[in-house]
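Good morning, and thank you for coming. Please look at the sequence and the structure as I bring them up, and keep them in view while I speak.

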Amino acid sequence: MEIRLKNLRRNYGALHAVDDVSLNIPSNTVYGIIGRSGAGKSTLVRLISMLEKPDNGEVYYDDKRVDNLSKDELIEERRHIGMIFQNFNLFSSRNAAENIAYPMEICHMDKAHIRKRTEELLSIVGLEGRGNAPISTLSGGQKQRIAIARALATNPSILFCDEATSALDPQTTRSILSLIKEIQQKMNLTVVMITHQMEVVRDSCNRVAVLDSGHIVEEGLVSDIFSAPKSEVTKDFLSSLATTRESIVRWSADGGHYTLRFRGSTTDEPIISTVSSATGAVFNIRAAGVQNVNGEEIGVMVTDIGPDEETARKAVAMIRENGVSVEEEGKEAR
């Protein structure tokens with residue numbers, strides 16, 4: 001199901017939490033919305049998922065406008081969406097299977113169907129045979145798997161994930177993201193991932209919108225955003241990712257006037273040594289590494305270039321001629 005937003009606004013007094021946001025989220029994809037704390041991403045997902053009404057603007061699921069539905073129409077439409085949250089929101093008084101069954105019970109589905117669907121979902125999320133397990137006995141990752149199963153109980157067309165992995169350790173996060181991608185492909189879901197973690201976007205999303213102070217400052221394919229970020233907010237996110245030691249290693253906290261971004265085949269070419277030989281430039285590399293983004297290799301290098309400004313200028317020009325994006329501190333990328 002495609003989601004279209006037109007000029008959405010949501011204010012809380014003088015705070016413009018969502019300020020004139022227009023966005024197209026394609027059907028059958030994993031779409032990321034990333035922003036710092038306070039950027040407005042949680043408010044935006046509440047508007048998209050019909051938990052709140054916008055002050056202005058329109059929300060469409062395919063060609064159907066959904067922000068102005070009546071109460072009964074809203075209840076019916078919400079059955080087509082699922083949501084998972086950071087804190088799982090499971091009922092401690094119910095076991096795993098009973099938590100999964102809950103959405104089907106309130107829809108008054110047949111008991112035999114509920115039992116069958118619950119067993120199917122336990123298998124899908126890798127917890128077959130754990131239906132009777134009390135919630136208190138499950139790990140964080142297992143609780144999130146039950147939450148995912150519950151969100152899928154009524155066969156939704158859209159799945160919203162609001163900081164769904166923020167409470168999990170890195171290894172569990174990767175397993176949950178892999179599960180969500182697998183489910184999305186099997187069920188042809190439109191998945192909207194709300195996050196403040198760039199590694200979540202890298203490891204799970206096809207496209208991403210970067211939110212800052214209620215505005216979309218950048219949007220596009222994840223591989224394009226990683227290889228040629230345009231906004232300062234996006235660059236800051238990628239810079240913080242470069243210090244996690246997952247795929248990019250920083251061994252010097254000082255310096256790094258230039259950031260080079262390699263894409264595809266350029267990650268395997270000896271561009272730096274070629275440029276150094278041709279221009280006499282000296283590179284003091286502060287951080288470097290390669291990440292896999294949607295099956296494409298994206299490399300980054302943070303470096304100083306010497307021995308003087310004229311040589312550095314020639315080196316940068318030659319690097320760009322070889323298809324590498326170069327960001328100079330305080331200047332736009334090219």
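First, a word on the basis of what I say. This is a predicted model, in which local features need pLDDT of at least 70 and side-chain atom pairs count only at pLDDT 80 or more, while totals for chains, interfaces and linings use all residues. Residues are numbered from 1 along each chain as its sequence is written, and side-chain values use heavy atoms, with hydrogens and water left out.

Let us begin with the open space. A 1 Å grid is laid over the protein atoms alone; a pocket is an open set of points with protein on both sides within 12 Å along at least five of seven lines, a cavity is a set of points where a 1.4 Å probe fits but cannot get out, and lining residues have an atom within 4 Å of a point. A volume is the space filled by probe spheres set on the points, with grid points joined across faces, edges and corners.

The largest pocket has a volume of about 610 Å³. Its lining consists of 18 residues, and R78, I81, M83, P103 and I106 lie nearest the centre. Helices here are DSSP runs of H or I with at least four residues, strands are runs of E with at least two, and both are numbered from the N terminus. Which element gives the most to the lining of the largest pocket? It is β6, with four residues.

What is the lining made of, by class? There are 12 nonpolar, three polar and three charged residues. In this scheme Ala, Val, Leu, Ile, Met, Phe, Trp, Tyr, Cys and Pro count as nonpolar, Asp, Glu, Lys and Arg as charged, and the others, Gly among them, as polar.

A search of the whole structure finds two cavities of 30 Å³ or more. The largest cavity holds about 40 Å³ of space, and M50, E52, K53, P54, V66, D67 and L74 line it. That lining has four nonpolar and three charged residues, but no polar ones.

The second largest cavity holds about 30 Å³. Among the residues that line this second cavity are C161, E163, M193 and V200. Strand β8 (residues 190-195) gives the most to this lining, with three residues. By class, the lining has five nonpolar, four polar and one charged residue.

I turn next to helix packing. Axes are lines fitted to C-alpha atoms, for helices over the stretch in contact, and angles run from 0 to 180 degrees between N-to-C directions.

Consider α3 and α5, whose axes lie 8 Å apart at an angle of about 30°. That makes α3 roughly parallel to α5, because angles under 35 degrees count as roughly parallel, over 145 as roughly antiparallel, 65 to 115 as roughly perpendicular and the rest as oblique. In this contact (heavy atoms within 4.5 Å), A96, N99, I100 and P103 of α3 meet I146, A149 and R150 of α5. The contact has five nonpolar residues, one polar and one charged.

Helix α5 also packs on helix α6 (residues 170-187), at an angle of about 20° and with the axes 10 Å apart. α5 and α6 are therefore roughly parallel to each other. On the α5 side the contact is made by G141, Q144, R145 and I148, and on the α6 side by T172, S175, I176, L179, I180 and I183.

How do helix α10 (residues 271-279) and helix α11 (residues 309-321) pack? Their angle is about 135°, with the axes 10 Å apart, and the two helices are therefore oblique to each other. I272, T274, V275, A278 and T279 in α10 meet T311, K314, A315, M318 and I319 in α11. Six nonpolar, three polar and one charged residue make up this contact of α10 with α11.

Finally, the backbone. A cis peptide bond, with omega about 10°, joins G306 and P307. P307 lies in the loop between β14 (296-306) and α11. N28, a residue other than glycine, has a positive phi, near 55°, and N28 lies in the loop between β2 (15-25) and β3 (30-35).

Thank you for your attention.
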